[in-house]
Amino acid sequence: MTLSSSPSAAPASVRRRLLRRIGGDHVATDRAVLILHDVTKVYPNGKTALGDVDLVIPEGDFVFLVGPSGAGKSTLIKLLIRDELATRGAVILDGQDLARLPRRNVSKVRRKIGIVFQDFKLLPTKTVWENVAFALEVTGTPRGRIRPAVDRVLALVGLTAQQSQLPGQLSGGEQQRTAIARALVHDPRLIIADEPTGNLDPLISWEIIQLLLRINDLGVTVLMATHNADVVTALRKRVVALEEGRIIRDEVGGIYHRVD
Amino acid sequence: MFTFVAFSLKRAWEGFWRNALMSLAATATMVLMLLLLAGFWILQAGLQAGLEYTESKVEVVADLKDTATPADVTAIEDRLHLMPEVKDVHYVSREDALAIYRARLAEQGETDLTRYLDANPLHASLEVKLVDPKVFGDVVEKLRAEPAVDKVKEQQKTVDSLLTITNVLRTAGTVILIVIALIVLFIIVNTIRLAVVARAEEIEIMRLVGASDAFIRWPFVFEGAMVGLLGAALTLGVLFVAADPIGNFMIGFFTVLPLRFGTLTRDIIVLVAGAGLGLGILGSWVSVRTYLIR
C-alpha cells in the first residue's frame, strides 16, 4: 500500500511546487511550452498507462523523465507528439490543445517538437547531410532555405566534416548527433529525447548530454527520458519520476533514485 | 505547390530505384496480372463475337409457292422492310437454292444425285434476318398471312435453345472476367503493400519530423503509378510481340467472326493502361493510409 499512498500524496506537493515555480510570474505560465492537466490515458485493452498526470514545463527548462520500464514514459511521449490522444485531461503544447487539434494541423505541431530516439532512426541510404535535409524536404521547405539551415545545425552538433558520410560509417555518438541535428533543423520549441544514450557507452553518453545541455543553453526546452542514473544524479536538473502511470516525484535538483 | 509536385516526383523516382528489387517484383506481378486480364478480355471478346455471329444466323425462312410472281416477291420484301424488327431480307430463287444445295453436297464430297432429276424440286424462299433473334413472332405472322407464301419454317425451339446457350455463355464469360479482375486487384494491391511496408521506417521518420499526409502519401502514389504504367507498357509490348503468332493460330477462327480488330486493339490498350495505372495508384493509396496520422 505504500506505493498507492505515495502517488496520492505526490500530486498535491507537485502542484504546490509548480505554483511556487510559476507563482507570481504569470508570464511564465503563458510561456509554458508544455502543460499536462489531469491527463489519463487508458488503452483500448483496458490498461491504464497514465493516471491524473499534471505537468508544466516552462520555456527553457531541462527536465529528466525517469521511471522503470512500463511506468508510462513512452505513453507520455506519444501523447506529446499526438501519436495517441489522452483519454481524459488536456495536453497543451505551445498553447495548442492537442485534443482539439484538427488532423491536418498535427504535422505543423510536430514541427515544433524535435524528437530523438535510442535507435537514432536515420535513413541508412542517405548521407548525414541528406538525413538532416530530409526533415525539411518532407515538410515542404523551399530548396533555397534548406542548405543554410542544414549547414547551421550540422555545425552546431559538430558534424560538418562528416556530412557526406552514410550513417553506417559513423560511430554511435555521431549517429545520435546526426539525429539531434535533424531534430533541431525545424527550430523546435521542445526537444524530446527518448533514452538518447541507451545505446551508447558512458563516455559518448556524456558527449550527447553535453550537446543537449548546450542546445538548452540556446533556449530550447529539453525533455529527456532516461535510465541513466549517473547523468541524472550528477546534473541536478529538474527530475520528474513516473511510476505505474503516475508522477510520484517532481523536484528541481533531483537525483535519479528517490530518497525515502 | 511546385515544390510539392517536384518533391513527390523526385521521391517517387528515388523510391522506385532505391528498392529496385521490390519495385521490379511489383512490376512483374503487374505484368503477369495484366496479361491474364488482357488474355481473358480477348477470349471474352472472341466469345461475344462468336455468340453474335451465331445469333445472326437465326433467321425466319419462308418458302414461296411456285406460282409466286417476281412482283409478289418484291411486294412482300417491301412490306417486310417496313417492319422495325427486320434487319435484312434475302431472296433465294429456285435456281439459287439448287446451286447452293449442289455446292454443299460437293463440299461434303457426296455424289450429286440431283442431276438425275428432270425438274428442280426446290422452292424459292425468303430469308429474313432479324434485329433481335428473340423477336420473331410478328414477322412469322405477317409471312403466314401472305398468299404467296407456302409455309414458314418453324424455328422457335431451335432459337430458344440457342438463346439459352448464348445467354449462359455470355453471363459466364462476364462473371469469369469480373472474378479475374478482382483477383488481379487483390494480388497487385498486396504486392504494392509489401513494397510500402518495406519502407515503413522511412514513413515513420517522415511523420515524426512533421511531414503532412500529402507529403507522405503522394510520393508513394506516384511510385505506384510508375509501377502501373511500366507494367502496362511491358504488358502491351508482350501482347504486341505475341499478336502475330496468336493471330496466325486463330486466323481461321477470326475470319469467320465479325471481330473488329481495330476496336479490340483500342480496347486492350485502354484496358491495360487504365488497369495498370488505376491499380498502381489504388494499391499505394490503400497501403500508405495505414501509416498516416490517426
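**Confidence, fold and interface of a predicted two-chain model**

Among the elements of chain B, mean pLDDT is lowest in helix α9 (residues 251–256) of chain B, at 58, and highest in helix α7 (residues 200–208) of chain B, at 89. The structure is a predicted model, and the average pLDDT over chain B is 81, with 93% of the residues scoring at least 70. For the complex, the predictor reports an ipTM of 0.80 together with a pTM of 0.70.

Chain A comprises nine helices and ten strands. Of the 260 residues in chain A, 42% are buried. Among the contacts in chain A with a separation of 6 or more, 69% are accounted for by residues 24 or more positions apart.

Six strands of chain A form an open sheet with mixed pairing, in the order β6-β7-β8-β3-β9-β10. From one strand to the next, the twist averages 15°. Within this sheet, strand β3 (residues 62–66) of chain A and strand β9 (residues 238–243) of chain A run parallel and are joined by four bridges. L65(A) is placed opposite V240(A) in β9(A).

Two helices of chain A were examined against the sheet. Helix α3 (residues 73–80) of chain A lies across β3, β6, β7 (190–194), β8 (221–225) and β9 of chain A, and its direction makes an angle of about 150° with β7(A). Helix α7 (residues 172–184) of chain A lies across β6 and β7 of chain A, running at about 165° to β6(A).

Positive phi values occur at residues of chain A other than glycine, including D38(A), for which phi is near 45°. D38(A) is located in strand β1 (residues 32–42) of chain A. The position of E244(A) is in the loop between β9 and β10 of chain A. E244(A) is likewise partly exposed, with 17 other C-beta atoms within 10 Å.

In chain B, the geometry of helix α4 (residues 94–108) agrees with expectation: at 1.5 Å a residue, its 15 residues should span 21 Å, and its end C-alpha atoms are 21 Å apart. Q108(B) belongs to this helix, α4 of chain B, and counts as exposed, having 7 C-beta neighbours inside 10 Å. Between Q108(B) and S8(B), which are 100 residues apart in sequence, the C-alpha to C-alpha distance is 69 Å. Just after α4(B), G109(B) adopts a positive phi of about 75°.

Helix α6 (residues 156–197) of chain B contains R170(B). R170(B) is partly exposed, with 15 other C-beta atoms within 10 Å. Leaving aside neighbours within four places in sequence, R170(B) is in contact with Q48(B) and L51(B). The C-alpha atom of R170(B) is also separated by 7.7 Å from that of L47(B), although the two residues are 123 residues apart along the chain.

The two chains meet through 19 residues of chain A, which are in contact with 14 residues of chain B. On the side of chain A that touches chain B, α4 (106–110) and α5 (128–137) of chain A each supply at least two residues. The element that gives the most to this side is α4(A), with four residues. By class, the side of chain A that touches chain B consists of seven nonpolar, five polar and seven charged residues.

Conventions: Residues numbered from 1 in each chain as written. Chains lettered and ligands numbered in written order. Predicted model: local features only at pLDDT ≥ 70, side-chain atom pairs only at ≥ 80, totals over all residues. Contact = placed C-beta atoms within 7 Å. Nonpolar A, V, L, I, M, F, W, Y, C, P; charged D, E, K, R; others polar. Pairing = 2+ DSSP bridges. Axes fitted to C-alpha atoms, helices over the stretch in contact; angles between N-to-C directions. pLDDT = per-residue confidence, 0-100. Expected span 1.5 Å × (residues − 1). Buried ≥ 20, exposed ≤ 12 C-beta atoms within 10 Å, placed from the backbone.
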